[in-house]
Number of protein chains: 6
Amino acid sequence: MAIEFNPMRSLIFIRVAKEQYRHQLRHWLYRHHIADSISQFAPYVSKYAYYPALPVPPGGDVFGAHNFMLTEHYWMVSDFDPHVKNKTFTEYFPPEVLRWQGNIPDVDPGSLPENLDGDRAREADCAAADNTTSPFIFAFVPVWWDEELKGKGRTPEDGSNYRWLTLISYPEGVSQEDGDKWVFGDYLPVFQNHPATTRILTSRVLQEVNHCRYNRLIEIWFDGPEEWDVVLRKAQASIAKPAWATVDTFPYLPKYTGYASLFLGDIAESDNMTQYHGYITMR
Amino acid sequence: MAIEFNPMRSLIFIRVAKEQYRHQLRHWLYRHHIADSISQFAPYVSKYAYYPALPVPPGGDVFGAHNFMLTEHYWMVSDFDPHVKNKTFTEYFPPEVLRWQGNIPDVDPGSLPENLDGDRAREADCAAADNTTSPFIFAFVPVWWDEELKGKGRTPEDGSNYRWLTLISYPEGVSQEDGDKWVFGDYLPVFQNHPATTRILTSRVLQEVNHCRYNRLIEIWFDGPEEWDVVLRKAQASIAKPAWATVDTFPYLPKYTGYASLFLGDIAESDNMTQYHGYITMR
Amino acid sequence: MAIEFNPMRSLIFIRVAKEQYRHQLRHWLYRHHIADSISQFAPYVSKYAYYPALPVPPGGDVFGAHNFMLTEHYWMVSDFDPHVKNKTFTEYFPPEVLRWQGNIPDVDPGSLPENLDGDRAREADCAAADNTTSPFIFAFVPVWWDEELKGKGRTPEDGSNYRWLTLISYPEGVSQEDGDKWVFGDYLPVFQNHPATTRILTSRVLQEVNHCRYNRLIEIWFDGPEEWDVVLRKAQASIAKPAWATVDTFPYLPKYTGYASLFLGDIAESDNMTQYHGYITMR
Amino acid sequence: MAIEFNPMRSLIFIRVAKEQYRHQLRHWLYRHHIADSISQFAPYVSKYAYYPALPVPPGGDVFGAHNFMLTEHYWMVSDFDPHVKNKTFTEYFPPEVLRWQGNIPDVDPGSLPENLDGDRAREADCAAADNTTSPFIFAFVPVWWDEELKGKGRTPEDGSNYRWLTLISYPEGVSQEDGDKWVFGDYLPVFQNHPATTRILTSRVLQEVNHCRYNRLIEIWFDGPEEWDVVLRKAQASIAKPAWATVDTFPYLPKYTGYASLFLGDIAESDNMTQYHGYITMR
Amino acid sequence: MAIEFNPMRSLIFIRVAKEQYRHQLRHWLYRHHIADSISQFAPYVSKYAYYPALPVPPGGDVFGAHNFMLTEHYWMVSDFDPHVKNKTFTEYFPPEVLRWQGNIPDVDPGSLPENLDGDRAREADCAAADNTTSPFIFAFVPVWWDEELKGKGRTPEDGSNYRWLTLISYPEGVSQEDGDKWVFGDYLPVFQNHPATTRILTSRVLQEVNHCRYNRLIEIWFDGPEEWDVVLRKAQASIAKPAWATVDTFPYLPKYTGYASLFLGDIAESDNMTQYHGYITMR
Amino acid sequence: MAIEFNPMRSLIFIRVAKEQYRHQLRHWLYRHHIADSISQFAPYVSKYAYYPALPVPPGGDVFGAHNFMLTEHYWMVSDFDPHVKNKTFTEYFPPEVLRWQGNIPDVDPGSLPENLDGDRAREADCAAADNTTSPFIFAFVPVWWDEELKGKGRTPEDGSNYRWLTLISYPEGVSQEDGDKWVFGDYLPVFQNHPATTRILTSRVLQEVNHCRYNRLIEIWFDGPEEWDVVLRKAQASIAKPAWATVDTFPYLPKYTGYASLFLGDIAESDNMTQYHGYITMR
């Protein structure tokens, strides 16, 4: 059986459960995880980058905003291809990481599952959620956007962008088609028509790759959080509730499990495969 | 006159006046300023790094906490040596930058000084402060710390550190010696004696280099913001007001002009001279 | 529909219409285009390099010699695959660039097409030619040469090479087979038999990728321009005119639209994905 | 015919025939071969690394231990795909290299085959062996191990590893299945059951790629050579001779042609595509 | 005797005597000289870059225009400090290099001096000139320009620059002061006053370092060669001949030995210490 | 007190006490020590490289041959300058490292000194020796060799070199002058006169920097270990015993404490400040 060439992009939305954990999570990522990951997948991953989250603006919490960072990979082979097996080394992935990320309850590490490794954590993806935690988000999307609804032709010379990434999970029983009907028919037009949005891009999440709970990735750009606020107030006031809503108020889906988002600028903090030079500390 | 070998470290504490400006400031730094700076000083600067600020913890504002980043240079020649003159190119430094950083009032750029360049901005250093703004902080310190008061021998293997950098400016008329007497006699002992501090380092600011207003740099390490809070409550309760206090309550000096600080982890976001590869955007 | 793994090499031959534009074209390429391009295609391009053209030798003009540079990409996916769509950012590509490259008339930019972007420019590829301009050349070829006719086994230790790249476009109505018959039967043998040529390589242009006008890429190596001159005089004197010639004199095809070439040494000026570090100016 | 996406890993086991040649082989590799190789295959090789061999421990010779290094490539396209042809440059590969590596007799270079290039040398792979030399080993294996028999979950934080790579070639007439039956039924269980082995990984060699003589790659990890010695004494004493043995004593196959191995630590000496910066000498 | 910290910049103006030699000179520089040089001086040179010369514009020859490139070093210690001695390796510097650069007559290499190395060539600096050759130019200048006469505050965002570097050697018997009097009193004002010049910078050559024949370095910037032509025609028409002129016509000094120049854009072709990755050839 | 510009080179000769430790020592160096060191001294060290030792040839042991590697630094400021103090982080330096290097007895780590850090280890330099161990060698020498006695003008194009580095410590009571008299009068002439040596370089060790026990560094080059053997047999037979010899047989000084050496090729395994990219493991 030949290995399939399957270029894909994956996105991991990461939050910190408490500010106490922010520098610890950075420490693990930069001291251990970048090198462990590159060691593992350098031969078949063509880009691996960390994008720092901008602070969540007031009103962002209801959209399941993640306050830490985006991890992005570009794969040449699906990470879930059956050939991808038997890792020489497993990445060092202490269970505290999932606690810091809010994927498991914020309790004593001794009471956490043992031997939890990165693969199992990522597989836990769309299953770990409960009332006090948020799922580990690992969403695969095409390398090129399915659709661009606004702002075609924008160049890096056109100025700095405030980019809002959103993942939407339609409730159980709602098909991709039905959910998309609301997104394209009711939700996105409000953003498209608002002069304060500069760019809209969206792709279907490739749920078949890893059974991710999210159905759709949407990226909407603004000049800054003030414009985001103006547009979102308009959206809240004008977007009708879909029949399948599970939450009464906009955006009509529960945060994290139904609606996850992240605020970014245009550039990575670390394009790991070209910029990582080891764990160098400040003197 | 020979050029003096004068290895020094400089620190620029940066805040953003509003969240609206955070991504714009990053855009300018990474799209313009890193390359302009390297072009200018690569032959005589041996390290140039950006360290992202951790979010200001509750209670941090009174200490003049800066919420954006630290810029660090290591110079082989003083940037204020008389030989350092006649730049082939001046760095591109639009006046909005000072507005974003809160160094000038948050008003229409058209009303801002024209032709303001990076040199003039940095020279404005300790003079720009008024009630609504904070000074441009550009402090020179020795390459090696003057004194270490706690935690000698700590290694990078000892875990992640929550590092609190503080610059203190003694009021006019208070000599370095008199100010230091309070710092070493009253202020630092409370931190040294508290079990929740892991490391204390301090150096006199080399005010003679650029007439910086600050007198002393102090770095105190904690396990995280929760420990910082515990220790600071203790400090607030137990450190006596110096005779020369200009503010009634701890830390007895006005924020920004008397007391400036920054919360950091151990690592840079970008060690510019080794990691910068151009302005690469997220697809 | 799966994305096809389709490794290909592409060549862009670039000239400057006037010397007035040479440094401006370099400025745009190094200040804007490298970073914009890497941002766009890093996940699916494995090499992206600029090779500076050697000066066109006397007599080279009739061969449509390009006097600026070769841009080379190695693609994992065809840049014209239907999946390659909806760019997050479009590269900054002011219309002056096409003027500088001689692809559009050398007139006031105000009279040039608006909103011309890099994609449209490259699509204009083999169509933009008129009497005063030359086409934008964007030719795809296999990663490995179809045929080597001379010099097998030459190594980098064998000395510096003066490499002449030629693209030939057979006139309308002349099939690849008919054109190739002349190239392999009449044209190349003269070079093969001449002792002053050291290496001959050729591939069919993959016209199906982007409807490029050129049919065949030929690379012939010499010790230097003096040897090129000797051989070309011989070729001119001895190669018979094909029945389908559209120009009376050797090489029997019009420059640029029928015959395009470029003189190179062995090495790139910039292997962009490994060597680009931002736009650093000379002090 | 489309080019097949065929990600594979290849291993070249290298020894030096005499210590006189060790620095000469390094000189050729670092002064010539890395750059020549990158020039050739950068567009379709995603990793290219050199791992220095640890010294052969006492008793290692009988296992065909190689005392110089491992060369590792990760290919996106098989190096033996019919499209891979007509190299622009051949790597500089003087015949002395094969003498230094012990692949040809240790005689005057003048008596060696002329015009031997790297491709022919690698093709000579499993054919060059005679009583005084060892074959050029070029074995292709899957990117991911076929099977892991021990130590699943080991991370880079678990300590330094002493890794023993072994290639086994079953005698003529012994099928892969029959040979594997002994390896999995008699040979590997002794290692699996011994507490001093920490990790066991194995893959079938992809003999179909280049007719390599070896059938199976096995990697067994220990804490160090002392543990290797303990385990190997046990193996020697307890592993029964297979019916098809061609040598009377353990490991029952002739060194080099039947049994080749290499002792490594965890890291490369040079990850050439990211770390090579030219041939820089010690002052 | 302590080693003096003596930061300096050095400039090597390079031309090719014939186009036949251009690719050979590049071959030697990139295949041998960069690595040899870095090996030698990496510990005490902080920048080492090659800037490609723009083609010499019509009329440029009389100004001793160099048509190949500028080599630039930034030294921490003078390369002529008495401590700088006993090189472990000498750079590989075949005598043909000086022939290619036009520093020695264009004759059979067999008749050239043997054992000529890089140091001797550079020492030959200002002495090798005769009627058919030009001197090896190796001029030391301060790290920062002595004076800027026009264009203060220009930034890299202000557009692409066409930079004309000139070295002037006053005739024997004319002191620095007397020569400068003409340069500052008669020569430079014409350029300062012309609206088509955008920047003027000048420094005294540090002749004491290596007895260089040139007295002064001047850099004048234009928008392009057309503007250079306009200004130079004006200069030719309006600048009076100094009493010490040795040539009747402007610029009143012999090309190469009295007047050497170079046309550059803003950026290096190779910033060798950060960008060189070995001699990688085009496939 | 100004900081002195004091460019120096330092050499650390390293051996492994047993092969059991070789991969462990590499693990510590590459996983911890490179990054810890760069973090510490990047602002004032201009080169930091590791050169792998070639295997000790038969007969090399009596010369105190080190079988692991050479660590080389180029300092801008002496590492023992009084300003160099109060390290923010101490390098992680477990006491096992000194055991692995044979600087302390090969016993249970529990019985080793606690809190031993890198600074103390290096200070232990020339004091730790006893019958079963060898001193930690940390020798400072000038950036440029004091004297070259043979092979001036040798270039990297002249072939691969087998380089023998020797440190000699004259017995107590023997002055530098007296010791040098024997070295230059009796010892080195034998090597100079032998046709099988290609290069001889020597410098006085700067003992004043760190009280190093060694007096002189000598580097002698051969074509390979066979030539070394030939020359050393000659040396043994012909070099007379100095009056101050403390050992009866050549080289008349005790290994390690009186005579330490290292066999190297021309290139580093890792030029850490340009090549280190983190601890990347083999898959």
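Across the interface of chain E and chain D, 4 residue pairs are in polar contact, both residues being at pLDDT 80 or more. A polar contact is a pair of N or O atoms within 3.5 Å; within protein, one must be able to donate a hydrogen and the other to accept it, and residues adjacent in sequence count only if both atoms are side-chain atoms. By class, the side of chain E that touches chain D has 9 nonpolar, 7 polar and 2 charged residues. Here Ala, Val, Leu, Ile, Met, Phe, Trp, Tyr, Cys and Pro count as nonpolar, Asp, Glu, Lys and Arg as charged, and the others, Gly among them, as polar.

This is a predicted model, in which local features need pLDDT of at least 70 and side-chain atom pairs count only at pLDDT 80 or more, while totals for chains, interfaces and linings use all residues. Residues are numbered from 1 along each chain as its sequence is written, chains are lettered from A and ligands numbered from 1 in the order in which they are written, and side-chain values use heavy atoms, with hydrogens and water left out.

**Chain E with chain D**

In this interface, 18 residues of chain E are in contact with 18 residues of chain D, contact meaning heavy atoms within 4.5 Å. The two chains bury about 1,600 Å² between them, and 53% of that area is on carbon and sulfur atoms. In chain E, the residues that lose the most area to chain D are Ser39(E), His277(E) and Arg283(E), which together make up 36% of what that side buries. Buried area is the accessible area (1.4 Å probe) that two parts lose on being put together, summed over both. The search finds 0 salt bridges between chain E and chain D.

**Chain E with chain C**

Between chain E and chain C, 50 residues of chain E are in contact with 50 residues of chain C. About 4,100 Å² is buried between these two chains, 52% of it on carbon and sulfur atoms. Three residues, His23(E), Met282(E) and Arg283(E), supply 22% of the area that chain E buries against chain C, more than any other three residues.

The count between chain E and chain C is 27 residue pairs in polar contact, both at pLDDT 80 or more. This interface also has 4 salt bridges. The side chains of Glu157(E) and Arg31(C) meet in a salt bridge, at 2.6 Å from N to O.

Chain E can be superposed on chain C by a turn of 180 degrees and a shift of 0.0 Å along the axis, with an RMSD of 0.0 Å. That is the relation of a two-fold axis. Chain E and chain C meet through the same surface, because 100% of the interface residues of chain E are also interface residues in chain C.

**Salt bridges and cysteines**

Side chains of opposite charge can pair when their charged atoms come close. A salt bridge is a side-chain nitrogen of Lys or Arg within 4 Å of a carboxyl oxygen of Asp or Glu. Over all chains, the whole structure has 102 salt bridges.

| Pair | Closest N to O distance |
|---|---|
| Lys152(D) and Glu148(D) | 3.3 Å |
| Asp248(E) and Lys241(E) | 3.2 Å |

Both Lys87(D) and Glu91(D) are buried; buried means under 20% relative accessible area, exposed over 50%, and partly exposed in between (1.4 Å probe, protein chains only). Lys152(D) is exposed at 70% relative accessibility, whereas Glu148(D) is buried at 18%. In the pair in chain E, Asp248(E) is exposed, with a relative accessible area of 63%, and Lys241(E) is partly exposed at 43%. Elsewhere, a network of salt bridges links Lys18(A), Arg99(A), Asp106(A) and Glu226(B).

The count of disulfides over all chains is 0, a disulfide being a pair of cysteine sulfur atoms within 2.5 Å. Cys212(A) is buried, with a relative accessible area of 3%, and Cys212(E) is buried with a value of 3%.

How values were computed: Copies are superposed by least squares on the C-alpha atoms of residues with pLDDT of at least 70 in both.
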